[in-house]
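Please view the sequence and the structure together before reading on.

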Amino acid sequence: MSTVLRADGVWKAFGDKEVLRGIDLTLDRHEVVALIGASGSGKSTLLRCLNLLEPIDDGQIFLGEEDISDPRIDANRVRARFGAVFQSYNLFPHLSVLDNVTLSSRIVHRMPRHAAEERAMALLERIGLADKAKDHPDRLSGGQQQRAAIVRAIATDPEVLLLDEITSALDPELVGEVLELVRQLAQDGATILMATHEMAFARDVAHRVVFLDAGTIIEQGPPSQLFGAAREARTRAFLARFT
Ligand code: ADP
Ligand code: MG
């Protein structure tokens with residue numbers, strides 16, 4: 001198995017608040033890792049540090065062989081190797097769905113428009129949104145918007161897909177269609193790190209579950225271990241809230 005992403009002793013503070021306290025984490029190619037933990041435990045900050053949306057205070061981050069935490073790195077070039085989807089407000093409201101999906105391919109990856117659009121249409125077709133391609137995002141349901149955001153994130157064939165609680169802003173009836181798309185990407189071999197509160201989904205789809213508490217990884221392992229036989233009292237206490 002080859003490691004795609006590796007955090008080595010990553011520390012991050014906002015002012016005097018230590019939010020990440022020495023995170024060691026690896027992500028192998030084709031691996032799906034669920035990041036769980038209470039609100040405020042540092043999940044979003046970790047994801048944002050990994051794709052260089054936040055500078056880290058200490059430690060190192062490797063994408064493939066490259067130390068992307070090196071201050072001399074071109075952060076935009078590195079970010080283009082990630083796909084990221086957040087809780088909400090992922091799509092540009094003033095652009096059509098198609099333009100949203102093709103933007104990064106065309107601008108960052110310099111793909112010709114027709115090639116970018118062909119690929120985007122094939123992806124939108126696959127998720128049943130081809131007929132919405134010319135619409136602006138506000139014409140789509142929340143679930144459709146998140147699926148379009150996922151398609152936008154994968155349109156450039158990223159090495160790693162970072163998903164940050166992508167269903168938590170959705171009405172309950174729209175959650176399933178978004179998770180189903182993530183499940184398909186996982187089956188297709190995508191490399192995914194996802195912060196989530198969807199424990200049933202994590203148990204079902206993730207290869208590994210990582211429990212974060214107050215900026216520290218308390219425990220990690222296969223879902224059967226985390227959900228079935230957690231070793232740490234803090235993990236069990238956290239998971240007890242979901243049953
Ligand atoms: P989670 O995603 O697990 O809910 P976050 O990473 O969003 O946790 O937040 C972890 C802690 O960091 C929280 O206490 C939050 O208030 C704080 N925090 C996050 N982003 C910032 C920021 N930009 N400035 C100051 N504090 C922040
Ligand atoms: Mg968060």
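The notes below cover the annotated domain, a sheet, the surroundings of the ligand and a pair of helices.

The structure is a predicted model. In an unreviewed entry, UniProt lists residues 5-239 under "domain: ABC transporter". The chain over residues 5-239 is 37% helix and 26% strand, and 27 Å separate the C-alpha atoms at the ends of this range.

- Four strands form an open sheet in the order 2-1-4-5, and their pairing is antiparallel.
- Strand 2 (17-28) and strand 5 (66-67) stand at the edges with a single partner strand each, so one side of each has no neighbour in the sheet.
- Strand 1 (residues 3-14) runs antiparallel to strand 2, and nine bridges join the two.
- Within this pairing, V10 stands opposite I23 in strand 2.

- The residues around ligand 1 are F14, V19, G37, S39, G40, S41, G42, K43, S44 and T45.
- By class, this shell holds seven polar residues, two nonpolar residues and one charged residue.
- Helix 1 (residues 43-50) supplies three residues, the largest share of the shell around ligand 1.

**A pair of helices**
- Helix 5 (residues 142-154) and helix 6 (residues 172-187) have axes that come within 8 Å of each other.
- These axes cross at roughly 20 degrees, and angles under 35 degrees count as roughly parallel.
- Helix 5 and helix 6 are therefore roughly parallel to each other.
- The crossing of helix 5 and helix 6 is right-handed.

Definitions and conventions
Residues numbered from 1 in each chain as written. Chains lettered and ligands numbered in written order. Predicted model: local features only at pLDDT ≥ 70, side-chain atom pairs only at ≥ 80, totals over all residues. Pairing = 2+ DSSP bridges. UniProt positions renumbered as here; feature names shortened; annotations may be inferred. Near = placed C-beta within 6 Å. Nonpolar A, V, L, I, M, F, W, Y, C, P; charged D, E, K, R; others polar. Axes fitted to C-alpha atoms, helices over the stretch in contact; angles between N-to-C directions. Parallel < 35°, antiparallel > 145°, perpendicular 65-115°, else oblique. Left-handed = near helix turned anticlockwise from the far one by under 90°.
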